[in-house]
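Here are a few notes to read with the model open beside you.

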Amino acid sequence: MRAGPNSQGAPTGRRTRVHVVSDVHGNTEALARAGDGADALVCLGDLVLFLDYADHSRGIFPDLFGVENADRIVALRTERRFEEARDFGRGLWAGMDRNAAIVSAVRKQYAEMFAALPTPTYATYGNVDIPGLWPEYAGPGTTVLDGDRVEIGGRVFGFVGGGLRTPMRTPYEISDEEYAAKIEAVGPVDVLCTHIPPEVPELTYDTVARRFERGSRALLDAIRRTRPRYSLFGHVHQPLARRMRIGPTECVNVGHFASTGRPWALEW
C-alpha cells in the first residue's frame, strides 16, 4: 500500500489508485497482496469460504462432512433441487450444533483474513458473511460501511452490503425493501459499491452454475437515476458479462477474487 489520501479522502495532488476485490472466499494469501501499489483497498464482501463450487475439497462444509457429501450437495443445488439439498443437509447436521460449528469455523477464517487487510481498507458485507462478527476482527485500518458513503481521493464511494433473499438462505440475505432503503440512504455518489449486481440478465447469469443469481432492481433504478461513474459489484462468479454500460455508468463485476487472486484497479 503506497502513501495516498488521508483518512478523510483528501487528495494529495497526484493520481489516486484504488484496488477493488469481491468474493475473497478464503483466499487469504492473495488478499494480503491485494493492496500492493494502491492508495486504498475496497472489499465488497464474501470473505467466508463455506463451499468451493470449483474445488469441493475446500471450505467449511467439506471440512465437516467430507468431499463426497460436498459433491452431492453441489450437484443438488446446481440442479436447483433446493428442497432435496436442504433435506440432505439437515441429515448431515442432525445431532450437531450447526450454529456453533459454523461460527467457530468462520471466526478462524475471519481472524486470518482481517489480519491480512492493508490500511486503509473500506469494506462491506457479502451474502455469506456474518456481520455481527466483523467488529471483533476489523482493525483500525479497516472501515466497514453498509448504507454509508466515504470520500477517497476526492471521489465519493457509496457502499451497500449483503444479498437479497433466495432459496440458498445464506447468512446475510435481507428483504428487497431493506436493501432499497440502504441504496436510498447512500444517495448520489461517484462510485457505487455493492456485493450484488443490478438486476440485469447479462450481469446476474452464472455461466458455470447455469442459473440467474439475484440482482437488485433498486440498485438498477439508482444507477439510472443518479448516474454514478462506476457501479462495482461481485457475487456472480462466472457472469455472462463482466462489464457493461447503463447510460454513462460503467458496471463492472470485480469478482471472483478467490480464483484469480487479482484485484480490479481504478485510477484517476
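How many aromatic pairs does a search of the whole structure find? The search finds twelve, where rings of Phe, Tyr and Trp (its six-membered ring) pair if their centres lie within 6.5 Å.

A word on the basis: this is a predicted model, with local features needing pLDDT of at least 70, side-chain atom pairs counting only at pLDDT 80 or more, and totals for chains, interfaces and linings using all residues. Residues are numbered from 1 along each chain as its sequence is written, and side-chain values use heavy atoms, with hydrogens and water left out.

1. Take Tyr110 and Phe114. Their ring centres are 5.5 Å apart and the planes sit at 80°, so this pair is edge-to-face (planes over 60 degrees apart). The two are four residues apart in helix H5 (residues 98-116), so about one helical turn separates them. Helices here are DSSP runs of H or I, at least four residues, and strands are E runs of at least two, numbered from the N terminus.

2. Tyr110 is buried at 0% relative accessibility and Phe114 is buried at 6% (buried means under 20% relative accessible area, 1.4 Å probe, protein chains only). Ring pairs also link both into a cluster with Tyr125, Trp134, Tyr137 and Tyr172.

3. Now look at Asp23, in the loop between strand E1 (17-21) and helix H1 (28-31). Asp23 is buried but has no salt bridge, and the nearest side chain of opposite charge, Arg242, is 8.8 Å away. A salt bridge needs a side-chain nitrogen of Lys or Arg within 4 Å of a carboxyl oxygen of Asp or Glu.

4. What does the side chain of Asp23 reach at 2.7 Å? That is the backbone nitrogen of His235.

Conventions:
Buried < 20%, exposed > 50% of the residue type's maximum accessible area, 1.4 Å probe, protein only. Lys, Arg positive; Asp, Glu negative; His and termini not counted. Polar contact = N/O pair within 3.5 Å; in protein donor to acceptor, adjacent residues only side chain to side chain. Phe/Tyr/Trp six-rings, centres within 6.5 Å; stacked < 30°, edge-to-face > 60°.
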